[in-house]
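Me: Could you walk me through this model? I'd like to start with the overall picture and then ask about single residues.

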Amino acid sequence: MKELQDFVRLNRGEIIKKVKKPRIWKEKDLLDGRIVDSFVLILRTSGCRWAHHSGCTMCGYFKETYNAGEREIMRQVEEAMEKYEGEELVKIFTSGSFLDEREIPIRIQKYILRKFEAAEKIIIESRPEFIKNLSLLEDERLEVAMGLESANNKVLEYSINKGFTFEQWMKGAEEVKERGLSLKVYILIKPPFMTEKDAIRDTVESVEKIKDVADTISFNPVAIHGKTMVEYLWRRNLYRPPWLWSVVDVIKQAGKIFRGVVKCDVVAGGKARGAHNCGQCDREFLTAIREFSLSQDYGLFKKLDCSCREEWMDVLEMEEFLRG
Ligand code: SF4
Ligand SMILES: [Zn+2]
């Protein structure tokens, strides 16, 4: 929708923050059922091509990019190599698409992958339009993470402004699988302009539609990033990030229909800008979700309880009622 595309772009105003240093850290993650150390590298590139045109309603990554040329990217890789200690799992993100040759020229993409020769698996992210570039890399260690957010075209267009359809995404996803690579799928929990109940339903329906192509599903509950469309709505009391009750509900429902690995990264969890409950029980919920992402133990959710469950259930009902 043209109006939404324009709004998302114009709402940002002038971007002042320009980050030039790569972000690097290490964290535990799952690799073939084992908990291993992973190395995470966020390269600063020119950023997502779609964000230059318009961008997704919840995405604030455009603030973390700058016009990095080849030499700048190489410098960042050298910096990363000084900290890399042979971790088996490496995640290389760019606040865009690793496979987009305008962000990282193909020759440099190959160079980066070669640099991490000790890694058993390397996770990269890409929008579907750049998946064809996988043919130029020929690296069997790759796991490709693709943001889908929702498998419903109306939600993609009117809530998220994703810039592609489910069918276009699926074509890319199938190509990843045809190349024998594993596929991680990001699904959003609670895009704007939806009731809490609709959001839960949409997320679970999305899982149903991709359950045969995905190896891992990673749920991303919406967090409010600065200068985004969701921040605009949130400031006007027109949006609340999802309840942690909803997040846990989605994970449990996904576990009943999907056989692969389920993860969930709650950004700003327990805060007003992130998924939260009443404040009393948030920490307990966040710990359970974090531990679940490593252990895949659905039993961790059994002990979760709080009086705010009633309030959450009222919200589910009342919003439907008010919508009429
Ligand atoms: S969510 Fe992904 S595709 Fe959307 S604007 Fe951000 S980086 Fe680009
Ligand atoms: Zn509570």
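Reply: What follows covers the conventions, the sheet, a helix, the ligand shell and a few residues.

Me: What should I know about the model before we start?

Reply: It is a predicted model, in which local features need pLDDT of at least 70 and side-chain atom pairs count only at pLDDT 80 or more, while totals for chains, interfaces and linings use all residues. Residues are numbered from 1 along each chain as its sequence is written, chains are lettered from A and ligands numbered from 1 in the order in which they are written, and side-chain values use heavy atoms, with hydrogens and water left out.

Me: OK, what's the strand order in the sheet?

Reply: The sheet is open and has eight strands in the order β1-β2-β3-β4-β5-β6-β7-β8, with mixed pairing. Its edge strands are β1 and β8 (261-264), each of which pairs on one side only, and the twist from one strand to the next averages 25°. Strands here are DSSP runs of E with at least two residues, helices are runs of H or I with at least four, and both are numbered from the N terminus; two strands pair if DSSP finds at least two bridges between them.

Me: And what holds paired strands together in general?

Reply: Strands of a sheet pair through backbone hydrogen bonds, either parallel or antiparallel.

Me: Which way do β1 and β2 run?

Reply: They run antiparallel and are joined by nine bridges, with K26 standing opposite F39 in β2. The two strands form a hairpin with two residues between them.

Me: What about the partners of β6?

Reply: Six bridges join β5 to β6 in parallel, and in β6 the bridge partner of E143 is S182. β6 and β7 also pair in the parallel sense over six bridges, and V185 has I217 in β7 as its bridge partner. Further along, β7 (residues 216-221) runs parallel to β8 and is joined to it by four bridges.

Me: Which strands does α8 lie across?

Reply: α8 lies across β5 (142-149), β6 and β7, running at about 165° to β6; axes are lines fitted to C-alpha atoms, for helices over the stretch in contact, and angles run from 0 to 180 degrees between N-to-C directions. At 1.5 Å a residue, the 15 residues of α8 should span 21 Å, and its end C-alpha atoms are 22 Å apart, which agrees; the expected span is 1.5 Å times one less than the number of residues. Its buried residues include A199, I200, V204 and I210.

Me: Changing topic, what surrounds ligand 1?

Reply: Ligand 1 is surrounded by C48, W50, G55, C56, M58, C59, Y61, R127 and K162, where a residue is near a molecule if one of its heavy atoms lies within 4 Å of it. By class, the shell has six nonpolar, one polar and two charged residues; Ala, Val, Leu, Ile, Met, Phe, Trp, Tyr, Cys and Pro count as nonpolar, Asp, Glu, Lys and Arg as charged, and the others, Gly among them, as polar.

Me: Last one, what does K83 touch?

Reply: Not counting residues up to four places away in sequence, K83 touches I24, K26 and F39, with contact meaning heavy atoms within 4.5 Å. K83 is in helix α3 and is partly exposed, with a relative accessible area of 42%.

Key: Buried means under 20% relative accessible area, exposed over 50%, partly exposed in between (1.4 Å probe, protein chains only).
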